[in-house]
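These are my notebook entries on a structure that I had not looked at before. I wrote down each thing as I looked it up.

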Amino acid sequence: MTQQTHDLDLTACEREPIHIPGSIQPHGILLAIRLSDRTIAYASANTAEIFGFDPADALGRPFDEVMPALSAEFAAQLDDPPAAGNARFVRTIQVHTAQQERFFETAVSRSGDCAILELEEPPQGGISSIDALYPTLRRFVEQLQGASTIETLCHLAAQDIRRMTGFDRVLIYQFDEQWNGTVIAEDRNEVLPSYLDLRFPASDIPAQARELYRRNRLRIIPDADYTPVPIQSRDPAPLDLSDSVLRSVSPVHLEYMRNMGTLASMSISILRDGQLWGLISCHNKEPKRVSLQVRNACDFLTQIFSLQLEARENTTLAENRVRLGAVQTRLLAHMAAEERFIAGLVNHPDDLMMLSGAQGAAVLTQDHCWCLGEAPTMDQVRALFDWLSDNHQEDVFATDHLAAIYPAAEAFADKASGLLSISISKVHSSYVLWFRPEVVQTVKWGGNPQKPVQEEAGSLRLHPRRSFETWKETVRSRSLAWDRSEIEAVKELRNAIVGIVLRRAEELASLSEELRRSNKELEAFSYSVSHDLRAPFRHIVGYSELLKKEASDLSEKGRRYVDTIIESAYTAGTLVDNLLRFSQMGRTALKPRTVDVAGLVGEIRHKLSAEHADRRIQWVVGDLLPVNADPVLIRLVFENLLDNAVKYTRTREKARIEIGSSRKNGETVYFVRDNGVGFDMKYIDKLFGVFQRLHRMEEFEGTGIGLANVRRIVERHGGRAWAEGALDRGATFSVALPDHDEGAA
Amino acid sequence: MPELKPILLVEDNPKDLELTLAALEQSQLANEVVVVRDGEEALDFLYRRGPHESRNTSDPAVVLLDLKLPKIDGLEVLEKVKADPRLRQTPVVMLTSSREESDLVRSYELGVNAFVVKPVGFREFFDAIQDLGVFWAILNEPPPRRNGT
């Protein structure tokens, strides 16, 4: 390999075949016995020093012939070898070596068709028997019962592992979903610095190393400066040491250790449902050996710890659910209290954010955008909303690395590297979004635990210092992951909101059904009014007229009575006509076209003049602009206005009625001014109401619906109607109709 | 002197009937006014069947047809008349108390010759009926008689 230190890619670690290093650590010896013929297939080179023979001479020879005593000790194990993935601690045995009696702690594991026997001499300081370890284990189990939180639990485990092993520092290290690790508990002396709360990148423990951690729960490196002992064999295939306890470790890892200032390390895997949850990581500044018996006790303790952890995690999850359930209940109450449920969310940003442990949130509908807490800008949120609407319409969407799928998020990584969103309505495209900031900012680096390492010439190894820089690089734009209870909580909020939205929709549907029914009833009503109510009035009028003709001897008084009957019935009949017209106006469609208002007014004037031939009316007609409107309805407007003007000037010796128009601000305004009886401006609000009359019946006839019709017609055209007047000093009625592009219709 | 054709008045309401007859009377039309009281009888008259099987009157100059009738209503009568090639050219004036636009639209779709909403005012009502009578019975030039009819 050539020098390429600077470009060395972290994934190189992942490719390193660490399970077949071809060597072991020097604190024990290794023998692999082929199960088929019980010959020695592999042997570590250091067998020579201990057993006094060259392994090369032993290879291929029967085990019981070369080492009869040892073979006898392992006979039972070889008859029933452990399955792959299960290393087995046997016991401490006594072996007569070339020089003297020696004690060994032994372990057996399986590798292909070989049984691997590993022997370690117990470290100085005597044998820690199970009896000696028992009180610690018992106390640990007792204390576990009282530990209510995961933190306490982890702290206890760290303490007891350190007590049993005597390492300078014991860390509990937890993986996240991306396999980055965080130190969540620690027990140590003052020899090594604290790593509590530090985060380590996933690349520190590459995938195949994690697989070995999962498979082989306990590993120890007593001295990072060790010289590996090669394994010898006649077989060209390297021996798979996945389950070995002495397996030599990657030089990268050894340098990592040296850089961290720890010459000895031990790690025990914490598994949950067969998955790697975390590690108990032990460090010592100086080289340190731990007996196999103690290591096994640590493994045992860790397994108890794992079970407790699982129970506590489940409890915590349940507690979180309860806590988030309370937040959710509050949010629901807020929503229920508001006219629009969205206001319930927007007006209580703290609860909304607490629901998912977010630092910012946004609520979006097609028309509105509310940004709450630490959120990106409104424009950024809107753009994100568009992107979500196009790409993520699923009910719940969560990512802790938004920028990876939505590059524009780089710009606001400090606010929203993590996004959790729920879509409330697909039709109206409404979302609630929660944001989490970039995680690098939330990491407590606690100074620089690693001394920068000078690169050695020709070294291809990664240096931790550099690795941390790379780590920072790889975690950019990432947030803490959304956990299960948080995602569930927002999912439930979504269900609740959808429930509200659906209920509202149902209410609306039933309202519009109600409206349709009442419209139908109104139609039926107006039809029967049209047929059955007009006729009797017509008959009364008709028969009264006939009576008047027939009864020529009718007295003056009698004649007046008949006239009154005719007049009353006529008024009632006209009222029915007007009412009907008023009710039809809302139902019939407008058929606008250009109306020649000047011509129209001319016709109406002509008719009115004929009807009131006995009166002196001065018409002052100005320039009347054409308008785009429904010709039938607009005729009704002018008929009403002119009819009123004629009616209310009746008391004048000389009536003056002025009509004109002007166009400004996109509308055409018409006015009809008279010098009649006028009205008091304090009744202006009543003037255009249905059945609203300002004069006594005997003064001026009418049904009180004419001006209501005027206003309704004008408003249906998008215009306005208003009036000005003074009592006994005339009135001016105006209508404004908006200009439309006449070429368009 | 051309033959004076009758006016067929289809009206179920006795009061409207009386008023209409009074109005027609005043118009001093010489035409006979044939009164039938429902749609079925109107069709019987037009098709010369039932009680009108052996009528010796000629076909009407105009049918004054009330819209709302028992049994067969005015719109149905209109539809039958206008769908029949032999009767199609007989003018039909729809008389109604209704101001319903849908009735108006439907009548014109079926080919009505005129549609009159009976006015409430006596004078207006009389004028309308008399105008109709005069127009359709006297002024209107009927289509030339074809062979075989």
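I began with the record: an unreviewed UniProt entry annotates Asp66(B) as "modified residue: 4-aspartylphosphate". I keep in mind that UniProt positions are given here in the numbering used for this structure, that feature names are shortened, and that annotations may be inferred rather than shown by experiment.

Before going on I noted that this is a predicted model, in which local features need pLDDT of at least 70 and side-chain atom pairs count only at pLDDT 80 or more, while totals for chains, interfaces and linings use all residues. Residues are numbered from 1 along each chain as its sequence is written, chains are lettered from A and ligands numbered from 1 in the order in which they are written, and side-chain values use heavy atoms, with hydrogens and water left out.

I then placed Asp66(B) in strand 3 (residues 62-66) of chain B, where strands are DSSP runs of E with at least two residues, helices are runs of H or I with at least four, and both are numbered from the N terminus. Is Asp66(B) buried or exposed? Asp66(B) counts as buried because its relative accessible area is 7%, and the cut-offs are under 20% for buried, over 50% for exposed and partly exposed in between, with a 1.4 Å probe and protein chains only. Leaving aside neighbours within four places in sequence, I found Asp66(B) in contact (heavy atoms within 4.5 Å) with residues including Asp12(B), Thr96(B) and Lys118(B).

Next I looked at chain B as a whole, which has five helices and five strands, running β-α-β-α-β-α-β-α-β-α from the N terminus on. Buried residues make up 52% of its 149 residues. Among its contacts between residues at least 6 apart in sequence, I noted that 65% join residues at least 24 apart.

In chain A I looked up Asn320(A), which lies in helix 10 (residues 292-337) and counts as buried at 18% relative accessibility. Not counting residues up to four places away in sequence, Asn320(A) touches Gly325(A), Asp483(A) and Ser485(A).

Last, I turned to the largest nonpolar core, which has 40 residues, with Tyr670(A) and Phe733(A) making the most contacts inside it. Such a core is a set of buried Ala, Val, Leu, Ile, Met, Phe, Trp, Tyr and Cys residues joined through side-chain atoms within 4.5 Å. Helix 20 (residues 631-648) of chain A gives the most to this core, with nine residues.
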